[in-house]
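Dear colleague,

Please find below the structure that I am handing over to you. My findings follow it.

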Amino acid sequence: MENRINIHVKGQEAIKTLYPVGGYLKKSPLEQSLIELVLFRVSQINKCAYCLDMHYKDARHKGETEQRLYGLSAWRETSYYSNRERAAFAWAEALTACDVTDAVYNETAKEFSEQELIDLTLAITNINTWNRINLAFPNEPGTYKVGLFG
């Protein structure tokens with residue numbers, strides 16, 4: 001791949017507007033382990049290598065198992081995700097595809113409070129933004145260190 005703009009140098013003013021969202025989500029009533037799984041799943045869908053590297057490392061650091069991370073792309077076929085996690089994955093996939101049906105909303109709303117659903121939606125839309133930034137202006141996958149961005 002050709003060299004592109006280093007967004008973390010040239011675009012600091014623009015991307016720094018996104019950092020407070022992550023800070024807000026760290027205080028969310030949503031389980032941080034669930035947020036990490038959702039961030040990883042959306043990054044799989046969007047094929048963002050840098051974000052996959054980041055969220056795999058962050059999830060493992062927070063105690064997530066390799067089996068659950070390896071199986072995430074086939075979550076419907078496994079038995080080791082809770083109903084709450086499954087609802088979050090379905091919601092993440094629907095939002096990422098911009099195809100949110102009433103059926104998906106209703107199933108997700110059974111598992112999450114209104115505030116949790118708002119925060120889950122914010123987490124999903126935020127990682128979609130980061131994925132697209134990293135696809136446009138790639139960082140080298142494999143270089144992320146746990147805690148690099150707070």
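The mean position of the 17 positive charges of the protein chain lies 6 Å from that of its 19 negative charges. Please note that this is a predicted model.

As to secondary structure, the protein chain has nine helices and zero strands. Its pattern along the sequence therefore reads α-α-α-α-α-α-α-α-α, and a compact globule of 150 residues would have a radius of gyration near 15 Å, which agrees with the 15 Å of the protein chain. The C-alpha trace spans about 45 × 30 × 30 Å along its principal axes.

Contacts across the sequence were also examined. Where contacting residues of the protein chain are at least 6 apart in sequence, 68% of the contacts join residues at least 24 apart.

Of the 150 residues, 43% count as buried.

One residue was looked at individually. D99 is placed in the loop between helix 7 (83-96) and helix 8 (102-111). Its relative accessibility is 49%, so D99 counts as partly exposed; the class of exposed residues begins over 50%. From C-alpha to C-alpha, D99 and R4 are 32 Å apart in space, and 95 residues separate the two in sequence.

With kind regards

Note on methods
Residues numbered from 1 in each chain as written. Predicted model: local features only at pLDDT ≥ 70, side-chain atom pairs only at ≥ 80, totals over all residues. Heavy atoms only, no water. Helix = DSSP H or I, 4+ residues; strand = E, 2+ residues; numbered from the N terminus. Buried < 20%, exposed > 50% of the residue type's maximum accessible area, 1.4 Å probe, protein only. Rg over C-alpha atoms; globule rule 2.2 N^0.38 Å. Contact = heavy atoms within 4.5 Å. Lys, Arg positive; Asp, Glu negative; His and termini not counted. Charge placed at Lys NZ, Arg CZ, Asp CG, Glu CD.
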